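Me: I have a structure open and would like to go through it with you. Can we take it one piece at a time?

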Amino acid sequence: MSTTIRKKLTLIIIGALVLLFNLGPILWGVLGSLRPRDEIMRYPPEPIPSTLGIEHYRTITEGGFLPAAQASLIYAVVTVFAALIAGSLAAYALDRIRFVGRSVVMFLVLAGIPLASGAAALIVPTYLYMVKLGLNDTVFVLPLVYIAYNLPTAVWVLRGALGGLSSELDEAAAIDGAGRLRTLFEILLPLCKPAIGAAALFCFVGAWNEFVAGSVLVDNPDLRPIQVSIYQNMGYFGRDWGPLLASATLAIVPIIIAFLIFGRLLISGLTKGAVKG
Amino acid sequence: MMTRANLIKGWRRNGHGLLYVAPTVVLLLLLLYGPAISGFYQSLFRLGGANAGAFIGMDVYATVVSEPGFGKVVASTAFFVLGSVIGTVTLGFAIALYINGLDDVSARILQIWVIIPWAISSVVGALLFRWFYMSDLGLFREMLRWIGIPMMDPMSTGTGAMLALIMSAVWKKLGFAVILLLSGLKAIPQDYYEAARIDGASALQRFREITVPLLAGPLLISSVVLGIADLNTVELPLIVTGGGPLDSTTTVALSIYQKAFSQYDLQRAITLAIITFVVNIVLVALYVRSVRGQEE
């Protein structure tokens, strides 16, 4: 066997193994969501389905799943816009203006990236704090928390992108009489589209996927986010895997689509040092 | 000497800077740092019961730490976090090295494949992990049966459950480590390897003397980030094992969550949360230092 063929073969085998162990749970889950109930529950499991149907999707859409998906979509979109606006202003100041307290703000932002993933340590204090502020179980509480959790990453990604733009752009804009805001929004940000996309994607995924705060800070079914709805389904359907897998599939569809389209942006965002586990 | 014009310019610079960062700073102080600080303050007072509001100081910390269950939770947490971080970084490093040797197109496809479990939510990830890897109706155990290695129910022993929990964390976060380490590998100039090869260094020597030291930054950053994520994950133990059997997979994160929101023991929960928060701060400080180191 020539080396190129052998190399290609190894590539295919390793690629297939990665596909199997990495995407296996997702593919097996999507497949299960489309199979009839008795076939899912049959032991030993049969990899090839006899028929595919959407009965489990009907079951869950008749429950509280769609309102939860809608609530999460709204939370995620609000998070994206708020984090991009506040984040680009902060990123600009941190990168372009030498103001007093800049290093303190820089520290708050940078430390906020991993801190925001410290859900376990933060949730009880946050809960007590929100009760005190009277925000508990209101429509504002989850968007506010999600903005705070995702803003540090957004600032960091945008700051990295602005840092890569020459200050000559600012000088040229100043000669044309543009102030700082116009320079930022009309000259600089349009040149940072990939970073804006990456930041938006991070915020969207972060808000859409959040569970712990969502399970604690709201009680009203109308405010319940999608991940909490899926978790509650687990208690409700128990070992009836079909509807559970259908709700899991629906929850990852937006993520997978966003990934196939913007995956490269996200990878470049990740590698720019904006890292959250 | 400071002229009047300079003074105005300085004021304006500071004013603009502070104005631009104000929304971000206010949001972070109010919603991220505020709760943490207020949580510590509140943990010093009795949160409910007969003497609600009474100052108890650090006594409750001493009580919580000396309770018999505490050592067990710390041990499970340490085992879970260390096992997951070591597993994720080692496997991620191997896959990153492999992808680094591929052509661009295959490398890009594999990167996107490998990152997908990281991008889906922990709730869904944990659910699908159980379904594929742990259930007797899942394909993983069936495939092991095909090749003649029957696997028992991982939930039948504490060790089995812990291994399943660690594996779920490795599966979920692997792509993150791969992407981070791969970008580190790409940043190593090829000339270093050329020069070493000319000097007669073996592949192993090149790996040990060039790759590993130059990758120390990304290795440290990914370990710290993964450590924080694993230390704080509620969803994985909650859904993959439920903390069982017999609390053998109850990590501190799950313990806080259950104490606060199913047993309504806010006092113990907030005390444990603040202890965890202190560990988080140490890890965050390490993170900030290593990211700053990378930036220079």
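Me: Is Trp241(A) buried or exposed?
Reply: Trp241(A) is buried, because its relative accessible area is 4% and the cut-off for buried is under 20%. Keep in mind that this is a predicted model.

Me: Ok. Which ring does Trp241(A) pair with?
Reply: Trp241(A) forms an aromatic pair with Trp131(B). The centres are 4.9 Å apart, with 35° between the planes, and the pair is classed as tilted.

Me: Why give two values for a pair of rings?
Reply: Because a pair of aromatic rings is described by both the distance of the centres and the angle of the planes.

Me: Where do Trp241(A) and Trp131(B) sit?
Reply: The pair crosses between chains. Trp241(A) is in helix H13 of chain A, residues 241-271, and Trp131(B) is in helix H5 of chain B, residues 122-134.

Me: And Trp131(B), buried or exposed?
Reply: Trp131(B) is buried, with a relative accessible area of 2%.

Me: Which residues of chain A lose the most area to chain B?
Reply: Trp28(A), Tyr129(A) and Trp241(A). Together they make up 7% of what the chain A side buries.

Me: How many salt bridges are there between chain A and chain B?
Reply: The count is 1 salt bridge. The side chains of Arg239(A) and Asp136(B) form a salt bridge, at 3.8 Å from N to O.

Me: What about polar contacts across the interface?
Reply: There are 20 residue pairs in polar contact between chain A and chain B, both residues being at pLDDT 80 or more.

Me: Which rings are linked into a cluster?
Reply: Phe21(A), Phe129(B), Phe132(B), Tyr133(B), Phe140(B) and Trp171(B) are linked by ring pairs.

Me: New topic: Thr211(B). Where is it, and what does it touch?
Reply: Thr211(B) is in helix H9 of chain B, residues 203-214, and is buried, with a relative accessible area of 4%. Leaving out neighbours within four places in sequence, Thr211(B) contacts Phe93(B), Leu97(B), Leu185(B), Ile188(B), Tyr193(B) and Arg206(B).

Me: Last one: where does Ser248(B) lie?
Reply: Ser248(B) lies in the loop between helix H11 (235-241) and H12 of chain B. At 18% relative accessibility, Ser248(B) counts as buried, because the cut-off is under 20%.

Me: And what does Ser248(B) touch?
Reply: Not counting residues up to four places away in sequence, Ser248(B) touches Lys72(B), Ser76(B), Gly158(B), Met162(B) and Gly243(B).

Methods. Residues numbered from 1 in each chain as written. Chains lettered and ligands numbered in written order. Predicted model: local features only at pLDDT ≥ 70, side-chain atom pairs only at ≥ 80, totals over all residues. Heavy atoms only, no water. Buried area = accessible area lost by both parts, 1.4 Å probe. Salt bridge = Lys/Arg side-chain N within 4 Å of Asp/Glu carboxyl O. Polar contact = N/O pair within 3.5 Å; in protein donor to acceptor, adjacent residues only side chain to side chain. Phe/Tyr/Trp six-rings, centres within 6.5 Å; stacked < 30°, edge-to-face > 60°. Helix = DSSP H or I, 4+ residues; strand = E, 2+ residues; numbered from the N terminus. Buried < 20%, exposed > 50% of the residue type's maximum accessible area, 1.4 Å probe, protein only. Contact = heavy atoms within 4.5 Å.
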